[in-house]
Structure formats: C-alpha cells, structure tokens
Amino acid sequence: MASNGNSGRGIRAVHLIDIAFICLPAARCAGSSLLIYEFPVLLVACLGCLYLHLRQNCDGHSHYGFLDDSNRLASWKRPALVKGPLGIVSWMELAFMSMFVALLVWSLSSYLRNFFADITPSYIAQSGQKIWQAKLGSSGLALALVGNVCLAFLFFPVSRGSSILRLIGLTSEASIKYHMWLGHITMAFFTAHGLCYIVLWVATNRISQVLKWPKVGISNVAGEVTLVAGLALWATTFSSIRRKRFELFFYTHHLYIIFIVFFIFHVGMEYSLVVLPGFYLFLVDRCLRYLQSQQNVRLVSARLLPCEVVELKFAKTPGLSYTPTSTMFVNVPGISKLQWHPFTITSNSNTDRDMLSVVIKSEGRWTSKLYQIISFSSPNDRLKACVEGPYGPASTNFLRHDMLVLVSGGSGITPFISIIRELLFRANTTNCNGPRVLLICAFKKSVELTMLDLLLPISDSASKISQLQLQIEAYITRDKEPATDAQNLMATVQFKPNESDKPIYSILGPNNWLWLSAIISSSFVIFLILIGIITQYCIYPIDHSTGKIYPYFGTSALYMLVICVSITLTATGVFIWNKRHNSMEIGQVQSIQSQDEDRELESLPPQSLAQATNVHYGERPNLKKILAECEGSSIGVLVSGPRGMRQEAAAICSCSSTSNLHFESFSFS
C-alpha cells in the first residue's frame, strides 16, 4: 500500500476539487505569492516608465526601446514565414515562438510525468478508479496548468499604453497578432481541460460534479461559466466571422470580463495571482482609456473626397505630440456608443501644432454611415465624437535608411501620409539630407488618385517638395484611362463649436511616463494596504478564531474589488490633477477656423505633386522589378495594404540576395 504522501499526491492528480485544499490555501499565503508573481512584473513596468521618461527628455519623442531596430537585429527582423495561418512572421518572432512552444511542451510533459508517477496500483485499488480514468484526470489538470501560462501573457499585447511594449520596440497594433495567437492556444488548452473532466465525471457516474460550488475549494460551476464565455468569445475571433460580422465579434469580445471574473472564482485568488500581473496592467490602461473617452472632443472640420474618403480634423493642444504612423481610436455616439475604430493619424505634430487629422475610407457599415452623415451635414451642425489615444511607435526608425520604398494599396496609403509629412518637415527645417522616398500606390479607380492630395498639408502647401526627393508611382488597376468625369469637388464641412467639446490633449500631461509609473506603484501599494486590513480584520478572525474557513468565493470577490478600487482611485486622481494643470493650455486653444476651401480637382494628383508623379493605368506594380532597381546599402520597404501585397513584398525581402531590403508591414485587420 502506498504511503500517505504518495496517496495524497495521487488524489491531488485525479480529483480537482481536492487540489484546492493543497494548492489553494487561504489568504495567509497570498502575501508571499503577491511578491513572487505580481511584484516583479509591476516593478519592471515602473522601471520601464522611468527609462522611457529619461529617453523622452533626452531625445524628444524619437526614443528607442531595448529591442528597437539596429544593425545587429536587422537580419533577425527579416521575414521567415510569409504565407500560412500565422501571416508574416520574422525570424525573431519565430525564435521567440519556438521558445514559448518549447516551454509549453516542457511544462505539459513535466506535469504529466509527475502526475502519472503518483498513479500507482495501490492508489487505483484504494480509489476504485481505472488507470485510464486516473490518467484522464491528471491530463485535465496538466492542461489547465499549461493553459494558465498562456493566460498569464494574454493581456500584455492589448495594453495600448504599456511601457513593457515600448521597451521591446512594439506598438499595440503590431502586438495584436500575439494576442490572437495566445488566445487560440489558451482556449485550446482550457477546452481540452474541460472536456477531460466532463468525460471523467460521466465515466465515473459523478455527473453531479458539474453543479458543485463548494464554500472552500474549486468551483466547477464557475469553471463551466468561464469555459462557455471563452468558447463564445473564441468562436467569433476567426477571420471568416470577424471580417464579415465585425459587430458580432466586437460585442462578444466583452465576454472577457465574465471569463476573467469566473476564472478567479473557479480557481481562487491565490492561484489566480499567476495570471494577475498582465491583467493588472491592462486594468490600469483600460481605466485611463475610459477616463479619456468620457470627454467630447472638438471636431473642427471634415474634407470629403470624391472617392468616398473623409479627412476629420480635430482640435488639439500644442503640447500633444506623437510619432508618424500613430493611431487613434474614434467613437461617434450618433452611430454607435460602444464601437471604437482605429485610424491612422495623418497630421504631423511638428507642423500642425493645434490640429490633428485622421483619414477614413468608406468601406464598412460604420465608416459608410459616417461618410453619409458628414455628406449631409450643414455648417451649423455638430458631430459629437470621442477619442482614445494617440498610440504609436516609440521611434521614427525609418530615418536610418538610405531609401524608403512605401508600398500601399487603397486606403493603406494613410500611414505613409504621416511619414511623408514628417520627412517634409525635417527636409525644410534641417540641413540633413533625409532618405530618398519612392511611393508605390495602387488604386482600383482613377478617382482614388485624389487621396494623393492629402500627402501635403494645406497649411504647408508652399513647402519645397524638391527638398524631399520624393517620387510617386501610382497604379490604377481597373481603369484603362483617366476618368471622363474630370471635375470632382472636394467639399469641406465646418462644424459648429460647442462649449462642452475640448481639444485633444495628453491625459497624463508631458510627463506621462512618470505619472503612469506613479499610478502603477501607488495603486499596488494601496491594494496591499487595503487587502492587509481586510485580511487582518475580516478574513483572519474567521480562519483562526472561529475554526471556520472564509469562503474562497468571498476572498476572490474582495481581492477583485480592492484591485479595481485601488486602480480607479489612483488613475482618477492623477487624471483630475493633470486635467486641472492642463486647463490653462486647453483654454488657450481658440476657435479654430479651417483653412480648407472647396476646390475642383481632376482625377490626377495636385499640381504641387504632378511633376513627381507617374500614373500607370490598367496595370499592377511589379514589386520584384521595382525593388531590384532600387539602389542603396539600406532600403526600408514599408508595406500597407491587402494581405497579398504584403506577402509578395515580404517574399521578395526574405531572399538572401536582398540583404539590403528591410521589410516592415502595417496591418490593422
């Protein structure tokens, strides 16, 4: 007969409810777990904020992360995989992905080896189970433990203002694919975990286990709610549904709240501390985003292009700065109060000190309705709008190249508008020669050529474009010749100002990284103080004085409540402080009159760009030939457009014979 220790370990491997009494002790062990799991990650986030603040003060907004572009890492950032379910994957991403998969395989094999070793013949005889049933229970537990590893990383990529992402040279937009990968792996493990226990309960005639929610230990009901919410969320994330039914995907994604809450109820707060650091930083970011989104912003004007493209111009404070290719989330309550859509900022914070603009093409239901509303607006109308952001890269690393090849398809030209405006600003304000620029843009119809008029800001139309060394090759794929309707009106709509509308400003002020560090650190300290008081005067007396055990459900609910209160108090306090501090700058932003005027355009580039533009009708760009003819020791190839275009460019840049080509893509799908 096995010893008592081996017998206990065997029960732990098979019966998940019994694990709670061994692995999930009450709040008396939470303090050490907080120091092990939570404190190191939050410390790195705070130190990262301090580092980014120092670099920001030294280099302006063009600071670099630890893993940002450099000559040493250039080869690692070349495309390794071009086609497939993962999309375009660089060698660096492939290396980290391989290490992460190796971690999961090693963890799963270690758990299974240890759990199976405890399933001895003596334990089988004592428990009355069959060997395959015991191993099935052990497998279900191992799958859950490995799934928790994935869940621990799941929320890092979607924290838009995270200092950790900036430290490694990532943006929130570029990190979305990592969130998707982790989400698929997490749900695969958790689904397998749930199936293992359902099969086990059916095989052992213990189906009543699905209704158990004990006062102390694992709650099966909470686990089932977690799994159902996760499956509903997971089902709408696949591209076939996400692209065609975006609203369904968007609304069901809010089930993550139910998923996380009942996950904590399922395993208890002590065990949830493993996955809490990433979610804690996400909550800080989400709270700040909510505070910003509650303020109506001043929409000054809109330019309507004949190709169903609209340029929205918002008022902003001069102190708000951002890098090229930054994005901003826009919400129009008149269309939907819940939907937020990201758009690339096309203005330049150096030249447009009091204005911020985004370009939106009418392609989906939300954007089409926005275009219709603006088209039928009168000058006295007011369009209520809210924003979140801007969010962008930490550096303008494209300046390190000798030549830039910007490849766009349709509305994919928008990220390059901000890049060209930044290069134009630098060319006219410094004596340094910037990189040569070749813009290759593909449009379906010739009327879309009017989007090229957005390359130059109206306020800076007199800039010397010759200083930019810009060459534009425009390809019209469907029209064989210029459109017959040569006269197309670009209309400008002025919006009536409202006292409640404010210019866009940085919610944490110019020292935003310092304030973010203060929010993270102070909220965590407040959380520790509050949870210590609650444990001492509420949980501890019940556990030790009365001989009873405080319900795990209550402990988890208290922890979650205290976390939310701590983050809300600190974030709101910092937000109000900076809002009062910035009130003087906000008040100085007077009523802005747009300098745009209605004018007639041909379906050709404006006169200021005509000499630099070649238009090719009825053909597509031959990227392989074009890139082969480019000369330079370092050529940056930036692609923004359909998947096929990005994959074609990535395949060319991945060849060993094109070591001077450095690929980067922009995708917001």
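## Basis of the model

The model is predicted; local features need pLDDT of at least 70, side-chain atom pairs count only at pLDDT 80 or more, and totals for chains, interfaces and linings use all residues. Residues are numbered from 1 along each chain as its sequence is written, and side-chain values use heavy atoms, with hydrogens and water left out.

## Overall make-up

The chain holds 22 helices and 16 strands; helices (H or I, at least four residues) and strands (E, at least two) are DSSP runs numbered from the N terminus. Of its 669 residues, 54% count as buried, where buried means under 20% relative accessible area, exposed over 50%, and partly exposed in between (1.4 Å probe, protein chains only).

The accessible surface of the chain is about 30,300 Å², and 60% of this belongs to carbon and sulfur atoms; accessible areas come from the Shrake-Rupley method with a 1.4 Å probe, and for residues only the protein chains shown count as cover. Among contacts (heavy atoms within 4.5 Å) with a separation of 6 or more, 80% are between residues 24 or more positions apart.

## The three-stranded sheet

An open, antiparallel sheet is formed by three strands in the order β6-β5-β8. Strands β6 (341-344) and β8 (386-391) are at the edges with a single partner strand each, so one side of each lacks a neighbour in the sheet. Direction ignored, neighbouring strands of this sheet are turned by 25 degrees against each other on average; the axes are lines fitted to C-alpha atoms, and angles run from 0 to 180 degrees between N-to-C directions.

Strand β5 (residues 327-331) is joined to β8 by four bridges, and two strands pair if DSSP finds at least two bridges between them. V330 stands opposite V387 in β8.

## A buried glutamine

Q292 lies in helix α14 (residues 276-293) and is buried, with a relative accessible area of 9%. Apart from neighbours within four places in sequence, Q292 contacts V387, E388, G389, Y391, Y505 and I507.

## A nonpolar surface patch

V525, I529, L530, I533, Y537, L561, V565 and L569 make a nonpolar surface patch of about 770 Å². Patches are made of residues with over 30% relative accessible area and no salt bridge; like charges are joined within 9 Å, and nonpolar side chains (Val, Leu, Ile, Met, Phe, Trp, Tyr) within 5 Å. A salt bridge is a side-chain nitrogen of Lys or Arg within 4 Å of a carboxyl oxygen of Asp or Glu.

Helices α17 (512-545) and α18 (552-581) each supply at least two residues of the patch, and α17 gives the most, with five residues. L530 is found in α17 and is partly exposed, with a relative accessible area of 31%.
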